[in-house]
Amino acid sequence: MTTSFPPGFRWGVATSAFQIEGATTADGRGPSIWDTFAAVPGAVAGGDTGEPAADHYHRWPDDLDLLTGLGVDAYRFSVSWPRIQPDGRSVERRGLDFYRRLVEGLRERGIEPFLTLYHWDLPQALEDEGGWRSRDTASRFADYAALVHAELGDLVEHWTTLNEPYPCAVAGYGEGRHAPGAREGDGALAAAHHLLLGHGLAVRAMRALALPHHQFGIVLNQSPSVPVTDSAADAAAAARQDTLLRRQFTDPLFGGRYAPGLPAMFDGVSDFAFRHDEDLSIIGEPLDYLGVNYYYRLHVADAPHREPDPALRTVTDIGVDTTRLPDVPRTGMGWPVEPEGLTEALVGLHNRYPGLPPVYITENGCVYADRSDFADYERINFLGDHIEAAGAAAAAGVDLRGYFCWSLLDNFEWAHGYKHRFGLVHVDYATQERTPRASYRWYRDFITAQRTP
Ligand code: FCB
């Protein structure tokens, strides 16, 4: 590895509550939209659910020891909203106590907690009232954020509001591929807007009572869109895809405006009446960091709309074809391996938004077919090449502060269930035995080498 990173650069790993905790009915936890969705036949591969996951709710001390063994100085995890507010309003003390023990455990081990408030597990009770389609959910989220912040602010400095609002809105309310499984046009666009509004309201609410060293941020997935040819039609298709996936979020967060082009793409689908005058300034509340999740680039061709009548279109029917992949290696998910897309994503953000806050890579990782000896050399190559691509972005001027590998443990990979294994540590779901893979030792040695002058 030729790249070097500045002193103080954070090396970490990431997880999320629903994907690892299990214990979905323990200690007063209420149902989330992912519990409900996973119970729908055919919604999740193999009929998998949030049980048992990695049973992290009971095994967290062992998992924190795995972090110590890895030598990371930061750990990104999420708080399960339905553990804290089982019905979206009342407060469950046992949920708060669980996360207090967790962050105390991290602090005792000298590991910096990077807390995410929302990694897709909305309390089902709030979905029953409209979920993210409803403006009120944004206020409920701000109340929840303020509650967790008041409880853990003495131990946690880094506060992330949302993980990847794009799939929450588009896969969840547009494609129906994720919870809550809706296939809507206006509903998905409203969900995207209310997620952003909830983010801004949450930052304001937490900042009002924050300690001076507290940092607030958001995590966005950033797949750059590349046109498959140099035709004007493909370029326009790639621009539409980029507007839906990235600029719908980054323009109001960092550019002080709604993404131009979005209303024209959804003419007949939405009148955007969910946007109120005051919203843009709330959403644009200044941030201390941006988290970028990077897995792959999208290769985009122009294509006819599936539904000819604009008024009947779902949010994903934007006249693009993203199935024409380049001739490059793919991961076990079928995702093209293109580390240069990470450099492109980071440098692109840096160039487009002059006021962009410092950046962390908050997720990057892969799956490959597992070997019985857990010698996952493809993962090692993948991580090494992407870390190098991150270094290239830093060398090009991006204020990059850290890198978090996805993920510490094998876990519930959403609609794919337990089949795909992203962990540096293998989990046997029947026995809950943890076995570090070769990539765990590689990352440990890599981090040690980074710290050695
Ligand atoms: C991201 C999610 C994360 C994980 C990875 C593979 O989009 O944030 O929970 O599922 O993909």
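Is glutamine 432 buried or exposed? Select glutamine 432: with 7% relative accessibility, this residue is buried (under 20% relative accessible area; exposed would be over 50%, and partly exposed is in between, using a 1.4 Å probe and protein chains only).

Before going on, know that this is a predicted model, where local features need pLDDT of at least 70, side-chain atom pairs count only at pLDDT 80 or more, and totals for chains, interfaces and linings use all residues. Residues are numbered from 1 along each chain as its sequence is written, and side-chain values use heavy atoms, leaving out hydrogens and water.

Stay on glutamine 432 and check its backbone: phi is positive, near 65 degrees, though the residue is not a glycine. Helices here are DSSP runs of H or I with at least four residues, strands are runs of E with at least two, and both are numbered from the N terminus.

Next, select aspartate 27. This non-glycine residue also has a positive phi, about 50 degrees. Aspartate 27 sits in the loop between helix 1 (17-20) and helix 2, and it is partly exposed, at 31% relative accessible area.

Now for the cis peptide bonds. Pick glutamate 51 and proline 52: the bond joining them is cis, with omega about -5 degrees. You'll find proline 52 in the loop between helix 2 (33-38) and helix 3 (56-70).

Finally, jump to tryptophan 406 and serine 407, which are joined by a cis peptide bond with omega about 20 degrees. Serine 407 belongs to the loop between strand 11 (400-406) and strand 12 (425-428).
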